[in-house]
Amino acid sequence: MSRTPVNVTVTGGAGQIGYALLFRIASGQLLGPDVPVNLRLLEITPALPAAQGTAMELNDGAFPLLGSIDITDDPNVAFDGANIALLVGARPRTKGMERGDLLEANGGIFKPQGKAINDHAADDIKVLVVGNPANTNALIAQAAAPDVPAERFTAMTRLDHNRALSQLSAKTGTPVSEIRRLTIWGNHSATQYPDIFHAEVAGKNAAATVNDETWLADEFIPTVAKRGAAIIEARGASSAASAASAAIDHVHTWVNGTAAGDWTSMGIPSDGSYGVPEGLISSFPVTCSGGSYEIVQGLEVNDFSRARIDASVQELAEERDAVRALGLI
Ligand SMILES: NC(=O)c1ccc[n+]([C@@H]2O[C@H](COP(=O)([O-])OP(=O)(O)OC[C@H]3O[C@@H](n4cnc5c(N)ncnc54)[C@H](O)[C@@H]3O)[C@@H](O)[C@H]2O)c1
Ligand SMILES: O=C(O)C[C@H](O)C(=O)O
C-alpha cells in the first residue's frame, strides 16, 4: 500500500456511535477501499479503559487499511496532524438541564477542541460535528479556530437526509436509489425542514408525485424531524448505528463527491444564500467535488418552504446569540 495514511480523529470513541463508527472507518468505508487510515481516539479520562477495549477489538478485526490506533484524553495530542476530525463526544442533556446549561457544558468541550484543531491539525483538516446540538457546537469549534478556513467546520444533517429518503421511498414505493435532490434546511433539531419540492422520484418531481400536502405537513415533516426522539423512545438510547452510517456518508461524499445530477445536505457556515444569515451553521443543499462543497443555487423557495426554513434559522440564530452571551464565540 503506497498511499500515505489519512489521520482520522474521533472524539467520544468509547461511546455508542463510536462503537458503530470506528469499525467502518477501519474497513475503508469512510474514505475509500484503497485509503489507509490512522485512528486517534479522544476520550475523557474515565472512559480511556473503554476506548482501549474498543481499540483491542479494532486490532482483532485485522483490517488491512488500519495503521495505528492512538488513544488520549488530551485534545492537543488527538488532533495533532489530523486530516479528518469527527467530533462525536458531547455532553448529553440530563434531567433538569436547561438549554443554556447544555450549550454551556458543550462549550467547555467544543471550544478547547476547536483551539486544538486550530493549533495542531493538518492544513487540509475537515471537521464533522455529530455531538448535539451539532450546528451550534460546530459554530463554537469554528470560532475557536480562526486560522482554519471556516468552511472546514460542518455539522451533521445527513442522518435527517437519509431519514427523509427512507420516508419518501416508503410513501412512493420507489427505491432510495431512485430518489435525488432532497434537501434538509436549517438546524439538526425538531425545527429542521426536509424539503421535497425540488426532489425527484424516479425522474419525476417528488412533491407532484406525492400530491398530498396534508401528508407532507402532518406526516412526512414531523416524522423526519422528530425521528431522533422516536428512536430514543423505542430504543431507550439515541440513534447510534444510523448516526454512524450518516457520518460515514457525510465525509465520504465530502471527500469523494456527489453523484452527477444529485446533491446532499450538510450543515455548513452560511454565505448568506437563501436568506440564511452569514456565519450561521445551517443545513443546505450542496454538491461536492474535489474535496470541496458548494451550495446549490437558484432553487425557487415557495411560501410553504420559506416559513419553515425561516423558523429553523431563527432557532439557530437564538442558539448563536445564547453561546455569544456565554462568551463561547
Ligand atoms: N447529528 C446527529 O444526527 C446525531 C445523531 C445521533 C446522536 N447525535 C449526538 O451524538 C452524540 C454522541 O452520541 P452517543 O450515542 O455516541 O453518546 P454516548 O454517551 O454513548 O457517547 C459519548 C461519548 O463521548 C465521550 N465524551 C464526553 N465528553 C467528551 C470530551 N470532552 N472529549 C471526548 N469525548 C467525550 C463520553 O465519554 C462518551 O464515551 C450525542 O450528543 C448525541 O446527541 C447526533
Ligand atoms: O441524540 C439525540 O437527541 C437524537 C439524535 O440527534 C438523532 O437525531 O437521532
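Modeller: What follows goes from the domains to their contact, and then to the residues and ligands there.

Residues are numbered from 1 along each chain as its sequence is written, and chains are lettered from A and ligands numbered from 1 in the order in which they are written. This is a predicted model, in which local features need pLDDT of at least 70 and side-chain atom pairs count only at pLDDT 80 or more, while totals for chains, interfaces and linings use all residues.

The chain is assigned domain 1 (6-155) and domain 2 (158-319), with bounds that come from an automatic or database domain assignment. Taken over C-alpha atoms, the centres of domain 1 and domain 2 are 23 Å apart. Their contact takes 27 residues from domain 1 and 24 residues from domain 2; two residues are in contact if their C-beta atoms, placed from the backbone, lie within 7 Å.

On the side of domain 1 that touches domain 2, at least two residues each come from H1, strand E4 (84-87), strand E5 (126-129), helix H5 (134-143) and strand E6 (153-155). These labels are DSSP runs numbered from the N terminus: helices (H or I) have at least four residues and strands (E) at least two. H5 gives the most to this side, six residues. By class, the side of domain 1 has 17 nonpolar, seven polar and three charged residues. Here Ala, Val, Leu, Ile, Met, Phe, Trp, Tyr, Cys and Pro count as nonpolar, Asp, Glu, Lys and Arg as charged, and the others, Gly among them, as polar.

The largest nonpolar core has 90 residues and draws at least three from each of domain 1 and domain 2. Such a core is a set of buried Ala, Val, Leu, Ile, Met, Phe, Trp, Tyr and Cys residues joined through C-beta atoms within 7 Å. A residue is buried if 20 or more other C-beta atoms lie within 10 Å of its own, exposed if 12 or fewer, and partly exposed in between, with C-beta atoms placed from the backbone. Val130 and Ala141 have the most contacts inside the core. Beyond four places in sequence, the contacts of Val130 include Ile17, Leu86, Met156 and Ala243.

Ligand 1 lies between the domains, because both of them give residues to its shell. A residue is near a molecule if its C-beta atom, placed from the backbone, lies within 6 Å of it. There are 27 residues around ligand 1, and Gly12, Gly15, Ile17, Gly89 and Ala90 come nearest. Helix H1 (residues 16-26) gives the largest share of this shell, three residues. The shell divides into 15 nonpolar, 11 polar and one charged.

Ligand 2 is surrounded by Asn132, Leu159, Gly228, Ile231, Ser238, Ser239 and Ala243. Three of these shell residues are nonpolar, four polar and none charged. The peptide bond from Asn132 to Pro133 is cis, with omega near -5°, and Pro133 is in the loop between E5 and H5.

His188 is listed as "active site" in an unreviewed UniProt entry; such annotations may be inferred rather than shown by experiment, feature names are shortened, and positions use the numbering here. This residue is in the loop between strand E8 (183-185) and strand E9 (193-195). His188 counts as buried because it has 30 C-beta neighbours inside 10 Å. Beyond four places in sequence, His188 is in contact with residues including Ala134, Asn135, Ala155 and Asp160.
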